[in-house]
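Student: Could you walk me through how to read this one? I'd like the general idea each time, then the case at hand.
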Amino acid sequence: MELLILPLILGLVMLILPSGWCKLVGGLGSLASLGIASYHLMGFDPLTQVVMSSSIDKMAFGLTLNFGYDSLGLVMIMLTNAIIPLILLSNWNRELAGNKLFTALVFFMQLGLLGVFTAQDGIMFYIFWEFTLLPIFLILYWFGAKENNKVLFKFFIYTLVGSLAMLLSFIALGINAQSFAYQDLVNVQLSQKMACWVMSGFLLAFAIKIPLFPFHTWQPATYTSSPMAGTMLLSALMLKMALYGMMKWMLPLTSEGIEVMKWPVIILGAIGIVYGAVIAIKQNDIKTLFAFASISHLGLIAAGIMVFNTAAWSGAIIQIINHSLISIGLFLAADILEKRTGTRKLDELGGIAKIAPRFGFWFAAIVFAALSIPFSAGFIGEFILIKELFSFHVLIGILAVSSLILGAVYMLRSYQLSMFGPPKLTSFQDLTWNETAVFVVLSISILIIGLFSTYIIDYTAPAIRVLTAITPTN
Amino acid sequence: MAVDKLILILLALPLLGALVNGTIGKKLPNLLVGGIATGVMLLSFVCALLVFNQTNDTKIIQLFTLLSLDDFAINASLQVDALSIWMTLIVTGVGTLIHVFSIGYMSHDKGFYKFFTYLNLFIFAMLLLILGSNYFVLFFGWEGVGICSYLLIGFHYSDAEKGIANSIAARKAFIMNRIGDAGLLIGLFLILAQFHTLEFTEIAEKIAIDPSLINGSIIGITICLFIAATGKSAQIPLFTWLPDAMAGPTPVSALIHAATMVTAGIYLVVRSNFLFELAPLTKDIILWIGFATSMVAAFIAMRQNDIKKVLAYSTVSQLGLMFVALGMGAYTVAIFHVTTHAFFKALLFLGSGSVIHAMSDEQDIRLMGGLRKKLPITHLTFLIGTLAIAGFPLLSGFYSKDEILGHALEHSPILYGTLMISVALTAAYMFRLYFLVFHGEFRGGATLESHVHESKPIMTMPLVVLAILSVFGGLLNLPGIFLSKGTHWLSHFLNSHTAGLEKIKEAHAEPNTTMALMAVASTMTIIILIWAYNNYAKKKKIALADNELVGWQLWSNSKLYLDELYDLLFVKPIEWLSKTCYAIVEIKVLNQGVFGLANLLGKTGSLIRNWQTGLLSNYLFWMVFGLIGLISYYIIKLQFWNF
């Protein structure tokens, strides 16, 4: 429970604290929450199913106020609490860092995310899912580009439509179970047809948030018009809620429909892999380029999750963590370029590696991690995911493999155009200490996960086995 | 010391060197940086020699579990056998010499420490590729060497004139390699599906025990592996990156793009011999692709005027020859040619580096000439390298090529006859290069001429060592006509201690045939040598300017327009697809479609909003809308659905 209370307190404290203090207190607070998460992670025996930290049964309308986690949820909690300090650290030397409102919103965001990852009740999950929308909306609205109201509107409508569909699905299940508690919802037996409908509801919500082709159009525009921290929150954490939702909620609850729904979703995922990559090849705006790259990467994870077996899910978890780390690095790099040159256009950049060698090195490290080179976490994650897609169907596997080549094309192009060649600028401030620290932490984490992914896989395996063992009945 | 410790040490040393130079190298003096990098290489080579001394059986060294899932597990483990230790010797041995050369060659470069960091890192990846005991570890190294190659080709990325071209060449190399990598990855998945393991020895055992595993999918697996090989080893259709890769510093061309990395494809096929032996169709494909590559590259090399480009196409052509050997099942012969080629091609590249160094970074042979007096050591060693690659009698290339030709004759006389053309072309363009650079008059102008000087001993010393190896390298695998005992030492060594190879009896030609073949080949080489001498040294013919070329010379000089063709066939369509997808699907269909929908909803919204008195935010509005939707859903369901 302290997992949830700490960000709430921190958020509230930020609001009343004098502005000068919130940078330091916020930073320390986020580290404290990371410490608590690590403590939980260490103390947890992955073989126990779900640890309930509090439980109030049967409130009105069959609601239960249940929080708890299994090893999968705990890994997501750990990811959240590790990413939040990194986001604050990336922001350290930027204007927003001293802004109390902004810092408070980041903590409220963390609260929402942790709620999503610990909820053991359908309605609680939904409430926290919706709750995360408020802080991100306000961050984008108050601190984003001024001309972006239309973009925001689109983002908002999109996610709301999805959430609505998800709520309907929860209600449909809840009526049957006479309860919204997780286990009761899992136990509901649905006909295949009904399961498909319910799954579609969830899917709409998740597909929009992931985003899955063709529900992705809110994303590139939102990424480019939001402040760096907003983009990071979105791509590193909010999107992961949807992937987690698929694994923890959607598929176990509606496993009766998996056989029918597998194909269309995997095909959409595979299209997304190629589509995002192909579009990224000729993008001139580096943030848009990374947004489409993200669509490509997440299409792979989503398709892998829909394969619905333990191996694919192990790969998915590695890749979820990996993508969070990489997107922090990529968007930090994009922001550094934009802030210090005044442009995001690749054809106006060039030659920066020579005048800012430290930035050149660490940006390259992240670009290579995004290419899933050996010794990086992505190498393991992609290997498992593509292998499982390959076993699912050869053609899907080949589409997924093609992202390897296309990924090299757009990633190296973006790096080459911005960093290589003779310098176009006379001066470019190299990385500050906090930016260097972020890149170092990211690179080391990616390396460690790449080498010791077995530990994460073994840690989450018991939870995954439970979630995927809910065999389809028909 | 025990083999497994030695192997770990020899693997860890280059990594250690890279770490030290990468972290503190910037602050150290150049000589120390170079000393560390070269020192670890030398130690590594010594370890390899010690292991080589004890190699008598296949030995697997388990390190740790990389990945363990329900249906398969992958270990980080190494395999020591004749093949891997022989390749290790080449990589660390030739690598050490090239490191020494680089200390001199790169001495003026600002990125000195970075260069040696990358070089050591490359060696580490290459050793991982060679020593891995399964396809996964091999793939680690396989991708790793590609990345180091990328970093080193684009090493001078910020150069005012060539910076952009260098980085584009690096990107091209990486992407073409990635196409091969994708093939390898698919091959890995197919192997996993078929054998449920990626360990070389386990796959070989499974095939031996269970013949039902031998089916059509072996063809698929081997073709995928061969696609990977065409990427790394620059064969048709993925060979056009290698000539461009010459944008890298010359020692890089010698180490990565001649002696070691590009032979990884050959290593892969030899390592997987137990699979390829079951796929005669794939072997035929390899044979003909290798043959075609060897011809095409030799043809293009005839009229190149950049000293490094000539050598690059020559490398492609020689790699083609090695694949011809593989296609005929002559695995040890291919490795023999890998070995001698590593000696003389590293020599030629380093020699060209010495020339370029002397010429103040000029690479056009039309501006050289008469350099033999000014660069005596470079000249002599380059001459040895040229003779070795051209197949001059009793030098190393003579023996290894002769083995391939002997097998070709046995395979089919037509193949032999056409291969002879490729061999003849090799001799022709190499002698042309040699005479244009070292004989005749200096054509580069007086100012350039006054700067020409012989390189420092630190650069000429490796040339001398490599020249000695190029002369005597053939002794490793002497054919039976010279001695009664101890012949074909390398073939025997590889055959007896490498998984799979012991079953393959590679026939060696009869002494009489060998004699005849050698006589034919020697005569041809000598005739071409005389012709080239007459043409370029005596008559002082010089290479034509690009715009004076006609007919076949134009085609050769323009590289058969393959770059343009690929651009038209692949690059342009993908760029078009990218732009069209963005403009039509993304903007027109998805975005404007959604906005159309949103507008529709917006209009409905403002219609409803008229009912409201206060100002409600969009968010609240939609919440209300949601609730209405929900309630209606409830009602409908309770009323009509029965579940």
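Student: Which residues of helix 6 (residues 133-143) of chain A are buried?

Tutor: Some ground rules: this is a predicted model, where local features need pLDDT of at least 70, side-chain atom pairs count only at pLDDT 80 or more, and totals for chains, interfaces and linings use all residues. Residues are numbered from 1 along each chain as its sequence is written, while chains are lettered from A and ligands numbered from 1 in the order in which they are written. A residue is buried if 20 or more other C-beta atoms lie within 10 Å of its own, with C-beta atoms placed from the backbone. Helices are DSSP runs of H or I, at least four residues, and strands are runs of E, at least two, numbered from the N terminus. Here the buried ones are A:Pro135, A:Ile136, A:Phe137, A:Ile139 and A:Leu140.

Student: What covers them?

Tutor: Think contacts: two residues whose C-beta atoms, placed from the backbone, lie within 7 Å. The cover includes helix 4 (100-118), helix 7 (149-177) and helix 11 (228-253) of chain A.

Student: And how much of chain A is buried?

Tutor: Buried residues make up 63% of its 474 residues. Chain A has 20 helices and 2 strands.

Student: How many residues does each chain bring to the contact between A and B?

Tutor: Chain B gives 48 residues and chain A gives 46. On the chain B side, helix 6 of chain B supplies the largest share, 15 residues.

Definitions and conventions: A residue is buried if 20 or more other C-beta atoms lie within 10 Å of its own, exposed if 12 or fewer, and partly exposed in between; C-beta atoms are placed from the backbone.
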